[in-house]
Amino acid sequence: MTIQVFANEAALASAAAQQVARALEARPALVLGLPTGRTPVALYRELATLAASGRVDFSGVTTFNLDEFVGLPPGDPRGYRAFMDAHLFHPAGIPATRVHFLDGTAADIDGECRRYEAAIAGAGGIDLLLLGVGVNGHIGFNEPAPGLRARTHLAVLHPGTRAANAGAFGGDPAAVPARALSMGMATILAARAIVVLATGAEKAGAVRRAVDGPLTTEVPASFLQLHPAVTWMLDEAAAHELGPACRREAGQVS
Ligand code: GLP
């Protein structure tokens with residue numbers, strides 16, 4: 001595991017964008033896994049800027065988003081697809097034909113989950129998966145629970161997670177769908193490389209438990225310790241509960 005700590009969110013976003021740009025340069029047909037949420041917004045802005053100036057070429061990329069709410073009509077502005085269109089796909093000129101998304105309106109939910117797993121496998125697997133982390137240690141919509149699901153599945157959201165997502169729903173947690181589709185833990189851990197982004201003091205506890213705590217289904221992100229190529233990109237606030245020894249052992253590089 002590598003831990004990189006940046007002075008602020010802007011420095012983190014710029015370094016993360018460079019990492020994506022390098023991966024695309026090395027492999028123009030990159031299969032990229034993508035998160036939503038507040039955390040990646042600055043990174044997506046950087047990537048859009050790099051694409052606009054011709055410094056990064058997304059024309060060969062294939063993308064798979066981690067998760068989507070269940071039950072929102074197609075094109076609903078509150079859905080994760082609309083978020084990605086607005087923040088990355090349209091500004092960076094990523095054609096819709098290269099974008100894969102879970103369909104939260106599918107009549108056959110299990111079939112939709114199987115379709116997604118098959119599409120990822122058909123693309124040759126995910127080369128680089130970007131992740132955010134919830135304040136409770138969730139990744140995608142794999143919420144803390146006595147057991148975790150391996151593959152793409154229907155997830156029931158915790159009240160805190162619905163509250164954290166309320167921004168797009170007029171600030172009302174009750175308006176946030178109670179269910180979502182999400183890649184599972186094995187889907188996530190099968191990615192060849194993973195970059196986890198976390199900013200802000202409210203993430204510090206989740207980051208400490210995920211990086212330095214025991215593997216537990218109560219902190220789904222703790223299972224990232226099993227992955228051979230994970231980079232945590234943190235700002236100072238999100239890193240502040242990590243002790244110096246932990247930063248050293250984890251191979252902190254900045
Ligand atoms: C959401 C998403 C996750 C995201 C996380 C953190 O519920 N399902 O994919 O990484 O919570 O969101 P944020 O970046 O807004 O803190």
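Predicted model: local features only at pLDDT ≥ 70, side-chain atom pairs only at ≥ 80, totals over all residues.

Student: Is Ser182 buried or exposed?

Tutor: Buried, because its relative accessibility is 0% and the cut-off for buried is under 20%.

Student: What does the side chain of Ser182 reach?

Tutor: The backbone nitrogen of Phe141, at 2.9 Å. Leaving out residues up to four places away in sequence, Ser182 also touches others, including Leu66, Asp67, Leu102 and Arg151.

Student: Asp67, ok. Which residues come nearest to the ligand?

Tutor: Asp67 is one of them, along with Arg38, Thr39, Asn165 and Lys203, out of 14 residues around the ligand. A polar side-chain atom of Asp67 sits 2.9 Å from a ligand nitrogen. For Lys203, a polar side-chain atom is 2.6 Å from a ligand oxygen, and for Asn165 the distance to a ligand oxygen is 3.0 Å.

Student: And how much of the ligand's accessible area does the protein cover?

Tutor: 90% of the 390 Å² that the ligand has on its own.

Student: Switching to the sheet: what's the strand order?

Tutor: β1-β10-β9-β6-β2-β3-β5, an open sheet of 7 strands with parallel pairing. β1 (2-6) and β5 (99-100) are at the edges with a single partner strand each, so one side of each has no neighbour in the sheet.

Student: How many bridges join β2 to β3?

Tutor: 4, between residues 31-34 and 62-65. Val31, for instance, has Thr62 in β3 as its bridge partner.

Student: Which strands does helix α4 lie across?

Tutor: β3 and β5; α4 (residues 109-122) runs at about 150° to β3.

Technical notes. Residues numbered from 1 in each chain as written. Heavy atoms only, no water. Buried < 20%, exposed > 50% of the residue type's maximum accessible area, 1.4 Å probe, protein only. Polar contact = N/O pair within 3.5 Å; in protein donor to acceptor, adjacent residues only side chain to side chain. Contact = heavy atoms within 4.5 Å. Pairing = 2+ DSSP bridges. Helix = DSSP H or I, 4+ residues; strand = E, 2+ residues; numbered from the N terminus. Axes fitted to C-alpha atoms, helices over the stretch in contact; angles between N-to-C directions. Near = heavy atom within 4 Å. Areas by Shrake-Rupley, 256 points an atom, 1.4 Å probe, with all protein chains shown as cover.
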